[in-house]
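Dear colleague,

Please find below the structure that I am handing over to you. My notes on what was found in it follow directly after.

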Amino acid sequence: MSETKIGAYICKGCGLGERLDCDQLATIAEREGKANVVKQHDFLCNADGVKMIQDDIDNDGVNHVVICACSRRAKTEAFNFENVAISRANLREGVIWVRPDAEDMRETTQEMAADYVRMGCFEAKFMTLPASEQEKGHNNRLLVVGGGDAGMTAALEAAKAGYPVTLVEKTGQLGGSLGKMWKDVPSHAPYADPVEPDVKELAAQIEAHDKITVHLNATITKTSGSPGQFSADITTESGGTTTENFGAIVQASGAKSYDMSKLPELGAGKSPDVVDQMGLEQLAMEANGGAIKRPSDGKEISNIVFVQCAGQRSTKEGHLPYCSGHCCLTSIKQAMYFKDQNPSIETNLIYTDLRTPGAGGEDFYRSGQEKGIIFTKGIVSEVSSSGGGLQVKYKDLILDEDVNQAADLVVLATGMVPNSGVDIEAAPTEAEGDGGNGASQEVTVESILNLTYRQGKDLPHLKYGFNDSHFICFPYETRRSGIYTCGPVRRPMDSQQAREDATGAALKAIQAIENAKLGRAAHPRSGDLSYPSFRKEGCTQCKRCTVECPFGAIDEDEERYPVFNESRCRRCGTCMGACPVRVISFENYSVDTVGQQLKNVDMPDEFDEKPRILVLACENDAYPALDMAAMQGNHYSQWARVIPVRCLGSVNTIWVTDALNAGYDGVVLMGCQKGDDYQCHFVKGSEIAHERMSKIDDTLETLNLEKERVETYEVAITDIERAPRLINDMAAAIEKMGMSPFKF
Amino acid sequence: MSEVIATNQTILVVGGGISGVTAALESAECGKQVILVEKNPSLGGRVSQLYKYFPKLCFPSCGMEINLRRIKANRNLQVITMAEVSGVSGEAGNYSVSLKKRPRYVNDNCTACGECGKVVEAEFDDEYNYGMKKRKGAYLPFNMSYPQRYVLDPRIIGTPDADKAKEACKYDAIDLESQEEEIQLNVGAIIWATGWRPYDAAKIQPYGYDRMENVISSVEFERMLDPFGPTGGKILRPSDGKEAKDVAFIQCAGSRDRNHLRHCSRICCMATLKQTTYLREQFQDDFKASVYYIDIRAIDRLDDFYQKVQEDPNVTFVKSKVANITEDKATGNPVLHGVDTEGYHRYSNPHDLCVLAVGMEPSVPKDAFPVEVKINESGFIESNGSGGIFAAGCSSDALDVNRAVQSATASALRAIQVVNRVAGTEG
Amino acid sequence: MGDYNTEMIEKYRGSFLNEVQDNVEEGEWVKMCMQCGVCSGSCPLGPYWDHGPQEIFMMIRAGKREEVLKSSSMWMCTSCYNCIARCPRELPITHIMHGLAHYAMRLGLAPKEQPTHKFSLIFWDNLVKKGRVNELKLGLSLYFMNGFVEGIKTSFKMQKIGLGMLLTKRLNPFEVIKGHGCKDTKGLQAILAKAQELEAARVGKMQG
Amino acid sequence: MAKKSYSFYPGCSSQKAASASNYEVSVKSMCDTLDIELNEIPDWNCCSASIGYSGGGELPRLALSARNMAISEQAHPGQDIVATCAACWLSTKEAQERFNQDSSLMAEANEALAAAGLHLKNDKKVRHMVEVLIEDFGYDELGKHVKKPLEGMKIAGYVGCQTNRPFGIDGESFENPKYLDKLVETMGAEPVENYDKKVSCCGGALAFSEPEKSQALIKDIIEAAYDGGAEMIVTPCPVCQMNVEIYQDQINAKYGTKFKMPTVYYSTLMSVAYGGSKKDAGLDGQIIRAKKLEEIAAK
């Protein structure tokens, strides 16, 4: 890019002209901000104003634009110039809307505006236009791991969109769990009877599809690379390994049935006539449409009890704390196997909450009732065999009495356990430790993907071993860019949901491929072309960046230097915040773009009694909250200087120490909620920042400053009244503590 | 919104709620041309009227901010607000669509400075607050409205208020002459994401929503928690503005009921469990919540949220469909009558406030759908994959936000399959 | 009647639900109940039922034959139709209750001393005889249905009302002798006889 | 308006010298004013109300209604069946519905009817008198005939059960039907707004067999009327009328109340408002005299 030419444009609209001395601001932009072109406009965002700027870009070589007008969140489309670095000095929401329009306030309000103009100019000066030059991955083949209902659907849907797919299935055939079922729950009206599972149909389509390659009896023994350029070793049972390249990966490794031998009280293992749902499917398969016979003696079955939530929704040791979602519908379906065969067979389904949601669910429930399935709200305490039959002991919650019912067969709805591979975040001790039923299977888990990533072999688990996203609004958020999970490995679900989920995951995989081609970041900074670069000379191989990256985007080379995988990077800047020697930066967001802003705030000397408060606010939550406070006319201290940051995780403690050294009287950091229900959209950023800041006290001590001068808060986007209050609290605290001695 | 560029490789998304916005963004971020049509003046839809999401108790506006940033940053995506689909013809890969666009009377010169709102006097029921509050005749629908542009209520057009607004605007952003527009589009695929509306609680006669002030709907309860909402964020009962600390929640209010909605609306149980946490948030230990239910449907991982609420000693669960509600004339308390079916115990319980967990009614024009699609008895579109029209979110089934977004993402791929076929980009 | 009962027990060994489906008016609806309890909660005499409709439905599924058929609950139905109006599953509950009462009566299990049971029988006989209800006879027989002494007491209690009705010509003492009625009582009785026969046959068919 | 003719099913209680004979008297005078011709179904029989179920099974009970409908079809072709008694209307309308739903039931009914040489086509509308007034005339038309507006009277419209559930009148809500209030208003009186026992049950036939339980219900109904400031209750149903009117002394004795609430039929009000005499309106049939109405009638 040619030499930097800064154009600063000052808007006089929305009352800026009346409230501020714009000529003075122009002078500041020119003299202090070193802007090469400075212009004022009555109404900068209208066609004429925008044209004025575009002309300077086209004819005058302006390549760094400073918009001194409203918040970066407003009029974004109007000020969206291509191929130039843009910074926004927020004079409206950041200054005149948060300050009273009073004569005696004019001076401080003007100072605020002046500082933002300076800050804007220096931010722009130290920005370079992101030109994603890293060598991009162009591979557009999908790897789908798992050949069950979800995996097959993902493969087919992607192929239908024109993308080649390699499908890897561990067993000898496609179909997964659903393939082992006699019938499926209907996914379209009428929701009345069990239907043929679609797996055979899907398998046939897959075999017929020229874009899909299938590897049976195969697993993934090594995965490396990044979106657009993954490389995976596919190893077959026989031991042969082929290495293939992929653009993106969909993990549909499914779930297994809960180990019912943990439920002896419910007769599991004690009698062959106590089966789990998959066990019943097997009996149905064997009966092949004929009467289902009793395992123990092949006798006709005339009386079946279905026990819902067996070992589920329970905090008991070794039980599943969650609900597996599909079991109610599945048991109804299975009871229908019998009722459709012979209506006189008694089927009693014992439940605590019958969970058949949606349009289809409730219809299917009604259909079950029409077929004569008996539904009993109750809790089963014991299943025992007695004289050739079974005895089910349960409490009928409606009739409020204990019941002993004889049964030929008992079906336990035991739920599912995800095949999510190694829990890379579990403390290794835990894995073996607590010698418990729960952990026992974790000891022997094999990895699904065998990632070569610095942070571990598999995708991080969210909860209960499921690979789900933590975000309500973004169910496909992944902490391993380009790798998406779907189906029961993600969350307990039935086949209909799994197919829908798989289709979504395929879309995200395709999107990752398209993004990689252009070097674009994925959500939440969609389209961001910048990427982190680092000065190897300065690096001390401290590994903080590789450890802290919430997305495991950074590996290490032989010499322990970080290796950035750009297309895995989500541009949150946590690495930048982590780096003690400040060698990591982005073109348009760096230690300097922020550092220079806070350095170039005009710092009055101690006796002016004009403190300065540096506010570093998360651009997605705290900053909008302050904007909306401004829209609502909530005022805050004229001493505040607010700088939006990509994520609090990107805040390098050097900024705080620099600020304090430069004479700021207080620093307020605003990030998102951390902890289990974290709201940080870069997952760990806020948490890491809080961690770092907890250590800042030492720094303050060495400077011997009160530690109240630095505060770190969790601020939500809805804290429209609270966010300004936090700033004012700091102003008040400073008033008590007095000015910082570090002013020159 | 003068010229709209669209080809038979364009994807049209109908509905600007979280499902529509997601479908539009996911397609656009795959490099597709997308047009997003919303009938209201702002994107955001139903979720923008919620206080928190279950089970994380995080704020919908947080996700909306991210999505708005994605929209602003994406050049493949055009947003058209205040417009509705009036006709569709053609087939997959080649639909011609006509839109009716209502006048906003405010052009994109608007800087949202708010001067017009200050001078206009006329006030109307605020749709965003389900009419629990008034708003000006010139208004920004809500804090995070996108586009961030004011709207003039058509009812002030031709009144002095309209002229006042026009005078107040320094940027001549107000155009009182603007008329309804007809927009013709050619698109390849259509994603239908028109979402849902809360079931009309007044139709559930035994609960007297239309006769008793202190019987409200669950969506109205959500609005109470908004600091800028009708009660300034306080849980107050309508009759006397007194704090409602003893609140009854009635599940399946209109759902799972052949007299109303035959389907289970899925979200209501979790929504109620979530709302009990609002009470604890506001009154700490000084509250009582009673949940009257048939089955608590806290599906899959969400069940642990149910378990957490069950541990709250101030929340009780009664397995009972409330028979009817009467009003205690003296106190204004709604009195719930029914039978706790677990052991058959009859009750007549007075509460400060009763919240009806109203069901989800799909906003799908069942009998007037512009083109042939399969709609099931409950009014949801059963997108069978054929053709070029795909339902997303709550047009396809009663879904929570998370599932609606999954469904929207899936629908994006289905639409892309169609336009890719058109583009012949296979292979 | 008693033997009919044992016959039924034989036929439906184990499944009271099936027995109800086959033999009770609208009985096939019982299995559709989802135990929400809105019926029990809506019943004006609810507090006097040993078991509300929803509970009765669960008892039927649980095979509590005696308890259900011998209970006085169904006889508490005032036919107000609240339950039908509110049932989310559209069960014709009022009719099922009448049906159960009738079936209990046929099996000889209905509580002998249950006043509504008696009144209902008297009412039916009363109308079958003449095709129309003769209120005075109905009233008198009603007062005496609990035996003579009780009857005297009741009629004394009701005397004032009776008198009022008399004075306002809403009760005619001569009815005891003359009274209302259809002309074609023969025809009517023939119709009812045939209907009874057909119903019995239908029930038989279902069992066979 | 031209004369309107209907096939009329009076029902047992409306017979001469029966409990609701005064109802039929007032209906007659109301119909004269409105030029309604009521042709009584020849030799009609009892509907078994909702109480015959112990002795009579489903089919026999349906057969009773079938006979009435069949005779009506013969005698009054093309005329809707109109009942003034709620129970009669309900039983007949329900029978009609069951026959429509279940053709085998219909066949059986006809087999039974055949025993008396009758046959049912089931092609008639079965209506309550109130439906006729509202649907075939409408409140405005009904208002036109008012000669003596019932000014200054406040009346509680007690709808009760069987004209309301399960079918309802004029598509109104089960919980808060307004048609009686509208009729009251049309006749120039003031209805009691939100009369909260409007659709509560009076015990129906159980007033005989379970007097204490029923009277407890009746007490609430009357009390609520007083609370609403009513000086009179109006109803569309003979059983309601009787139960609410005749037990007031016993209730007073038991609960120490001082009830003396006249309870009349909508037709009583209309007959008086239309200028009918005390006798025309069947007011002499009131056990608790409706003095205010008598005064107006005497004017």
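C:L167 belongs to helix α10 of chain C, a helix that covers residues 148-167. This residue is exposed, with a relative accessibility of 64%. Together with C:L163 and C:L166, C:L167 makes a nonpolar surface patch of about 290 Å². Please bear in mind throughout that this is a predicted model.

The size of an interface is often expressed as the accessible area that is lost when the parts come together. Between chain C and chain B, that buried area is about 1500 Å², and carbon and sulfur atoms contribute 53% of it. Which residues of chain C lose the most area to chain B? They are C:M34, C:R86 and C:P88, which together account for 30% of what the chain C side buries.

Is B:A138 buried or exposed? It is buried, as its relative accessible area is 2%. Leaving aside residues up to four places away in sequence, B:A138 touches B:C116, B:G117, B:V120, B:Y150, B:V151 and B:L152. By contrast, B:D340 is 202 residues from B:A138 in sequence, and the two C-alpha atoms are 50 Å apart in space.

Turning to chain A, this chain has 744 residues, of which 64% count as buried. Its secondary structure consists of 22 helices and 29 strands. Taken along the principal axes, the C-alpha atoms of chain A fill a box of roughly 95 × 60 × 50 Å. The accessible surface of chain A amounts to about 26100 Å², and 48% of that surface belongs to carbon and sulfur atoms. Among the contacts in chain A with a separation of 6 or more, 71% are between residues 24 or more positions apart.

A:Q110 is located in helix α5, which runs over residues 106-126 of chain A. With a relative accessible area of 13%, A:Q110 is buried, because the cut-off for that class is under 20%. When residues up to four places away in sequence are not counted, A:Q110 touches A:L20, A:D21, A:Q24 and A:L25.

Finally, a word on the cysteines. How many disulfides does the structure hold over all chains? The number is zero. For C:C83, the nearest cysteine sulfur is that of C:C80, at 6.0 Å; a disulfide requires the two sulfur atoms to be within 2.5 Å, so C:C83 is in no disulfide. C:C83 is buried, with a relative accessible area of 12%. For D:C161, the nearest cysteine sulfur is that of D:C201, 3.9 Å away, and D:C161 is likewise in no disulfide. D:C161 is buried too, its relative accessible area being 7%.

With kind regards

Methods: Residues are numbered from 1 along each chain as its sequence is written. Chains are lettered from A and ligands numbered from 1 in the order in which they are written. This is a predicted model: local features need pLDDT of at least 70, side-chain atom pairs count only at pLDDT 80 or more; totals for chains, interfaces and linings use all residues. Side-chain values use heavy atoms; hydrogens and water are left out. Buried means under 20% relative accessible area, exposed over 50%, partly exposed in between (1.4 Å probe, protein chains only). Helices (H or I, at least four residues) and strands (E, at least two) are DSSP runs, numbered from the N terminus. Contact means heavy atoms within 4.5 Å. Patches are made of residues with over 30% relative accessible area and no salt bridge: like charges are joined within 9 Å, nonpolar side chains (Val, Leu, Ile, Met, Phe, Trp, Tyr) within 5 Å. Accessible areas come from the Shrake-Rupley method with a 1.4 Å probe; for residues, only the protein chains shown count as cover. A salt bridge is a side-chain nitrogen of Lys or Arg within 4 Å of a carboxyl oxygen of Asp or Glu. Buried area is the accessible area (1.4 Å probe) that two parts lose on being put together, summed over both.
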